[in-house]
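This report sets out a few local and interfacial features of the structure shown below. Please keep the sequence and the coordinates at hand while reading.

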Amino acid sequence: MTLALVETAAKIAFVFGLNIGVFAPLLGWVERKQSAVMQDRIGADRADVFGFTIIGLFHTMSDTIKLIFKEDFIPRGADRIMHTAAPALALIPALVAFTVIPFGGHYTLWGHNVNLVVADLDVGALFVFAISSLAAYGVVLAGWSSNNNWSFLGGLRAAAQMFSYEVAMGLTIIGLVMFYQSLSLVTIVEKQNEFWHWGIIWHWPAFILYFTCAIAENKRIPFDVPEAESELVAGYFTEYSGMKFIMFWMAEFVEVVTISALCVVLFFGGHHLPFVTDAELISGLGGALYPNFANLAAMGIGILTFIVKVIILIFIQMTIRWTLPRFRYDQVMALGWKLVLPASLIWIFIVGVGILSGIMPRP
Amino acid sequence: MILNQYIPVILMMLVAAGVAVAVLGLAEFLGPKVVFREKMEPFECGENPIVSPKQRFSVRFYLIALMFIIFDIEAVFLFPWAVNFQALGLFGFVEMMIFVFILALGLAYVWKKGALEWE
């Protein structure tokens, strides 16, 4: 019991360390530096410690320190409680959604069975969707409670957009669930042990649809109409400053990581190396002679593989963000309802026919 | 016990809430507080706000909300079916496709009526 608790605490610490300790600050830097590289600018390179700049990495630190000491502004006529609660309601779901995502496999270390996921729920995929859709409350409340016309319009747009894409996002995953016969993300990853059963091989249309929906759900460019600065100043967080602003910003970046992690788990084999199963990896590392160290090494390789895959998908998201211009609002809504939703329904039909006729394998 | 697997979820929520409250606390105590009348006005590009945001808004947002409920419930019905898809076989597939077809007709109707248009 105590050991299980320690293990859970270690996994929670790892997930939080990865998300808010490493990825969230790093993505703030990547967003500035990558845009600079892509637009042929010099970019963030001024903040230094004793003359060392390390390609602008210190900007993250100086930004954070600056924003901590900024004034916390609540405009006149705003609902103070809701205005304060909104950023927390946006950030908490983003952090909790990572609970069911496996960042490694099963390993036996000194007789103790380690399963690298915080909670292996039977309804894992549903849990991610359920929790991340709660973030809509934070955004809508932020828009409503600010007593500001821009915020209000941004909140409305965000609500309609998030609802629209949530429907399509749930449906894009159905085909994958039919294929793997499970909602548990751990089971789905186990079934991708063999390379030819990775989701991307048979379900690449679902991946394209899901990725589109996920970016739209996260309200990033090209779907960032709720915070379109040329139309709505800053949208639903116009009246936010300092750390409350940082919380919206962190929620967005954590969600970028979660989207990438979920894509890796569903479509890119989770922690698996291509063409190498877990058992082969452990025996290749000398599992017969030193079972504990082979398991430990396999665990390290698994986590590393997972993180590398996540970073690749984050890079794709960032590149999309700095490549495409923003869509018009009616285009965003039309894409969700008129293209992605019918396409995902058709894809469910195609997967059904494919599996029943025996063209698709049954992993 | 099946609820045991939810204990880490609750721990995770507590830690996340702790992080959020700690950051909010930092914002509350560390920043300066300078209050004067003009500054506390909601931002309206430098003008004094004339119109309050708390008024009627376009009915299309309600339509989107209604359609969301209908199609999200469809998705909820599809999930348990998809998990048992291979066990149910052809019979289950045809049954579900009839259900999806009826809802697709609904989508076509909404589309035809122009509820998906924004101008």
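Which helices are included in what covers the buried residues of helix 5 of chain A?

## Basis of the values

This is a predicted model, in which local features need pLDDT of at least 70 and side-chain atom pairs count only at pLDDT 80 or more, whereas totals for chains, interfaces and linings use all residues. Residues are numbered from 1 along each chain as its sequence is written, chains are lettered from A and ligands numbered from 1 in the order in which they are written, and side-chain values use heavy atoms, with hydrogens and water left out.

## Helix 5 and its cover

Helices (DSSP runs of H or I, at least four residues) and strands (runs of E, at least two) are numbered from the N terminus. What covers the buried residues of helix 5 of chain A includes helix 3, helix 4, helix 6 and helix 10 of chain A, with contact taken as heavy atoms within 4.5 Å. Helix 5 spans residues 135–145, and eight of its eleven residues are buried, where buried means under 20% relative accessible area, exposed over 50% and partly exposed in between (1.4 Å probe, protein chains only).

The buried residues of this helix are Ala135(A), Ala136(A), Gly138(A), Val139(A), Leu141(A), Ala142(A), Gly143(A) and Ser145(A). After helix 5 comes Asn147(A), with a positive phi near 55°.

## Interface of chain A and chain B

The contact involves 75 residues of chain A and 62 residues of chain B. About 6400 Å² is buried between the two chains, and carbon and sulfur atoms give 76% of that area; buried area here is the accessible area (1.4 Å probe) that two parts lose on being put together, summed over both. On the side of chain A, the residues that lose the most area to chain B are Glu71(A), Trp337(A) and Lys338(A), together 11% of what that side buries.

Across this interface the rule finds zero salt bridges, a salt bridge being a side-chain nitrogen of Lys or Arg within 4 Å of a carboxyl oxygen of Asp or Glu. Five residue pairs, with both residues at pLDDT 80 or more, are in polar contact across the interface; a polar contact is a pair of N or O atoms within 3.5 Å, of which, within protein, one must be able to donate a hydrogen and the other to accept it, while residues adjacent in sequence count only if both atoms are side-chain atoms. Among the helices that each supply at least two residues of the side of chain A that touches chain B are helix 1 (2–38), helix 6 (149–180) and helix 13 (329–356), and helix 6 gives the most, with 17 residues.

## Salt bridges

Over all chains, the count comes to eight salt bridges. In one of them, Arg220(A) meets Glu31(A) with the closest N and O atoms 2.7 Å apart; Arg220(A) lies in the loop between helix 8 and helix 9 of chain A and Glu31(A) in helix 1 of chain A, so the pair ties together parts that are 189 residues apart in sequence. Both Arg220(A) and Glu31(A) are buried.

Asp72(A) and Lys244(A) also form a salt bridge, at 3.2 Å from N to O, and this pair links Asp72(A), in the loop between helix 2 and helix 3 of chain A, to Lys244(A), in helix 10 of chain A, 172 residues apart. Lys244(A) is buried, with a relative accessible area of 1%, and, leaving aside its neighbours within four places in sequence, its contacts include His83(A), Pro87(A) and Leu24(B). A further salt bridge joins Arg328(A) and Asp330(A) (2.9 Å, N to O), of which Asp330(A) is partly exposed at 22% relative accessible area.

## Hairpin and backbone angles

Strand 1 (residues 106–109) and strand 2 (residues 112–115) of chain A run antiparallel and are joined by four bridges, two strands being paired if DSSP finds at least two bridges between them. Tyr107(A) stands opposite Val114(A) of strand 2, and in the hairpin, which has two residues between the strands, Trp110(A) takes a positive phi near 50°.

Most residues other than glycine have a negative phi. Asp40(A), in the loop between helix 1 and helix 2 of chain A, has a positive phi near 60° and counts as exposed at 74% relative accessibility. Lys219(A), in the loop between helix 8 and helix 9 of chain A, has a positive phi of about 60° but counts as buried at 6% relative accessibility.
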